[in-house]
Amino acid sequence: MKVERLVLASPRGFCAGVVRAVNVVELAVEKWGSPVYVRGEIVHNPHVVRSLQEKGVVFVDELDQVPEGSRLIFSAHGVSPTVRQAAEKRKLKVLDATCPLVTKVHREAKKLAAKDYSIILIGHEGHEEVIGTMGEAPEHIEMISSKDEIVSLEVENSEKVAYLTQTTLSVADTREMIDALKKRFPALEGPSAEDICYATQNRQEAVRALAEQVDIILVVGAENSSNSQRLVEEARKHGIPSWLISDVYGIDTTWLEEVSAVGLTSGASAPERLVDEVVTWFADRGAKVEQLVTCEEKVRFSLPPELR
């Protein structure tokens, strides 16, 4: 291995929504003891899930796995109204760890549906965030995930069409899709502020900057993490080989042959300790570690009132 430089992207890793969600779970266990139940993965990272399980957190897929009257936390990805109603029916004590930026998209969906708009949701089918958003107005929302689907879209009134997006998409790809939608529906309306979250955009911009300085880019993140997958795609779009690794054990030394500079970043749900382990791995093999700072993040989200 001839790697001389390891260039660390900044910003990287946990966003404000993930910090808030993990804090909600940890503080709930601290305040009320275990078990505390979480519907789905609190964030998309197995390392985070395992560390919380060790503290007495129980992760479930369905609400009927939660004993009546127990304490339940909704994950950062948000849930549909039917899930909230089911929790109420089971008399569960709910704490909502939904990212405020996801909640914003839910509010937009409800507002548009109330005005009888046809809503086109750009997102990835089956993603928890998309399922939750669609649940706010299922009779008004149609989801698309590629430009090819735009041609066959049918709406009730082409003068009342709006779009929303999943918060963790590729910024460039989403802009292309929005432009195509505008050509198909000239009266198309969008949210007052972009739905794609600040952290997703910042991490993608950091990868673009990294791509100008390195030979390959490694992204620390989980397979089911949408924003982590988009970082790999972003690097490859700029002609740089890139791989997603869940931790230091995911490094394949064959990737590093004839490579002198490696870029390193992490998805918004990847703990910094996983990045630190990768940094140590390269430093132990003689690589000089550098930081590439593209912006500073100061966003913070407040905790639910029950935990303040």
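Residue numbers start from 1 along each chain as its sequence is written. Since the model is predicted, local features need pLDDT of at least 70 and side-chain atom pairs count only at pLDDT 80 or more, while totals for chains, interfaces and linings use all residues, and side-chain values use heavy atoms, with hydrogens and water left out.

**Exercise 1.** Work out what order the strands of the four-strand open sheet have, and which strands are at its edges.

*Solution.* 
- Helices (H or I, at least four residues) and strands (E, at least two) are DSSP runs, numbered from the N terminus.
- Two strands pair if DSSP finds at least two bridges between them.
- The order comes out as 3-2-4-5, with parallel pairing.
- That puts strand 3 and strand 5 (93-96) at the edges, each pairing on one side only.
- Going from one strand to the next, the twist averages 30°.
- Strand 2 (residues 36-39) and strand 3 (residues 57-60) are joined by four bridges, with tyrosine 37 opposite valine 58.
- To get from strand 2 to strand 3, the chain passes through helix 2 (residues 46-53) in a right-handed β-α-β crossover; right-handed here means that, with the strands pointing away from the viewer, the path from the first strand over the helix to the second runs clockwise.

**Exercise 2.** Find which strands stand at the edges of the three-strand sheet, and which helix packs on it at about 165° to strand 8.

*Solution.* 
- This open sheet has the order 7-6-8, again with parallel pairing.
- Strand 7 (141-144) and strand 8 (161-165) each have a single partner strand, so one side of each lacks a neighbour in the sheet.
- Strand 6 (residues 118-122) pairs with strand 8 over five bridges, and isoleucine 120 sits opposite tyrosine 163.
- The helix is helix 4 (residues 100-114), which touches strand 6, strand 7 and strand 8; contact means heavy atoms within 4.5 Å.

**Exercise 3.** Say at what angle the axes of helix 7 and helix 8 cross, and which residues meet.

*Solution.* 
- Axes are lines fitted to C-alpha atoms, for helices over the stretch in contact, and angles run from 0 to 180 degrees between N-to-C directions.
- Helix 7 (residues 198-211) and helix 8 (residues 226-237) have axes that come within 9 Å and cross at roughly 30°.
- The two are therefore roughly parallel (angles under 35 degrees count as such).
- On the helix 7 side, Thr200, Arg203, Gln204, Val207 and Arg208 meet Asn227, Arg230, Leu231, Glu234 and Ala235 of helix 8.

Conventions:
Parallel < 35°, antiparallel > 145°, perpendicular 65-115°, else oblique.
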